[in-house]
Amino acid sequence: MPIRVRTAQQHTAMFVVDAAAAQRMIDYSGLRVCRFGPGNRRALVVLMLMRYEDTDLGQYYEYGTNVMVNPPEDPHASGMKALQSAGAFVHHLPVDQSFTLEAGRTIWGYPKVMADFTVRNGRTFGFDVTIDGKFVIAMDFAPGLPTPAALTSRSQVHSTYSCLDGVVRETPGQMVLSGVRYRPGGVSVRLGEHPYATELASLGFPKRALVSSSAANVDMTFGDARIVGER
């Protein structure tokens, strides 16, 4: 430790969802979603695909369903200001390589499962995720607008949270993004028949994204996980 990611590509889309539905989905963790908007009835969910190329854990694809949650020490924070200190709770995390699956589950408690990925690179970027032969999700991204490096190249530190086998963990991560593009909306989502898709449908998917983005490279460092609770 720490684990280093030197080269990776990222595609993400941020969605506004019903906070009560998001809370029901992650209740098993004991964490609280970060609520905002009128009556604090909204929450943020981020769907993403990572293509890890040069890392300490090898090369692999990874899809994530992430729900923005409050830190355990401030569970009832709300409003736009609270989102600044919110972390990403990792609810789904399929990958396509066994080594990163074992490392992710053992070191950080991430809910990694094996999956198959079909990636489409062309005028637009898209991917499909299948688990045990069942279609989970497909996403297609329209090209975004280049963002000045001065606005995106600063080192960022974020916490991610996980809950595996009743143990809740917090993992700090530091990242530097380059080649970043943003676009309002800009992504279409299709759901399949897998239980993960059913959970996403309970949040109102498919739906329009608030914003989508891509990064030509993400340089990341992950530290040790810290146990913050048990369920």
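Is H194 buried or exposed? H194 is buried, with a relative accessible area of 9%. That is where the close-ups below start, and the model they come from is predicted.

**Figure 1. The whole chain at a glance.** Before zooming in, here's the overall picture. The chain is built from five helices and 14 strands. With 231 residues, a compact globule would have a radius of gyration near 17 Å, and the chain agrees, since it has 17 Å. The C-alpha trace spans about 45 × 45 × 40 Å along its principal axes. Some 51% of the 231 residues count as buried. Take the contacts with a sequence separation of 6 or more: 69% of them are between residues 24 or more positions apart.

**Figure 2. H194, a buried histidine in a loop.** H194 sits in the loop between β12 (187–191) and α5 (195–201). Its relative accessible area is 9%, under the 20% cut-off, so H194 counts as buried. The H194 side chain reaches the backbone nitrogen of Y196 at 2.9 Å. Setting aside residues up to four places away in sequence, H194 touches I131, K134, F135 and V136.

**Figure 3. T65 and its two side-chain partners.** T65 is part of strand β3 (residues 60–69). With a relative accessibility of 0%, T65 counts as buried. The T65 side chain makes a polar contact of 2.7 Å with the side chain of Y63, and another of 3.0 Å with the side chain of H92. Beyond its neighbours within four places in sequence, T65 is in contact with V45, V46, L47, F89, V90, H91, H92 and L200.

**Figure 4. T160 on strand β10.** T160 lies in strand β10 (residues 156–164) and is buried, with a relative accessible area of 17%. Its side chain makes a polar contact with the side chain of Y110 at 2.6 Å. Neighbours within four places in sequence aside, T160 is in contact with A88, V90, Y110, R169, E170 and T171. If you're coming from the H194 view, T160 and H194 are 34 residues apart in sequence and 25 Å apart in space, C-alpha to C-alpha.

**Figure 5. Helix α3 and the glycine after it.** Helix α3 covers residues 98–108, and its buried residues include T100, L101, A103, G104 and W108. An α-helix has 3.6 residues a turn, so residues three or four places apart point the same way. Following α3 comes G109, which has a positive phi near 70°.

Figure 6. Start with the cis peptide bond that joins F205 and P206, where omega is about -5°. P206 lies in the loop between α5 and β13 (211–222). Next is N40, which has a positive phi of about 50° although it is not a glycine. N40 belongs to the loop between α1 (19–26) and β2 (42–55) and counts as partly exposed, at 29% relative accessibility. Last up is D132, another residue other than glycine with a positive phi, near 50°. You'll find D132 in the loop between β7 (125–131) and β8 (134–141), where D132 is exposed, with a relative accessible area of 74%.

Methods. Residues are numbered from 1 along each chain as its sequence is written. This is a predicted model: local features need pLDDT of at least 70, side-chain atom pairs count only at pLDDT 80 or more; totals for chains, interfaces and linings use all residues. Side-chain values use heavy atoms; hydrogens and water are left out. Helices (H or I, at least four residues) and strands (E, at least two) are DSSP runs, numbered from the N terminus. The radius of gyration is taken over C-alpha atoms; the globule rule is 2.2 Å times the number of residues to the power 0.38. Buried means under 20% relative accessible area, exposed over 50%, partly exposed in between (1.4 Å probe, protein chains only). Contact means heavy atoms within 4.5 Å. A polar contact is a pair of N or O atoms within 3.5 Å; within protein, one must be able to donate a hydrogen and the other to accept it, and residues adjacent in sequence count only if both atoms are side-chain atoms.
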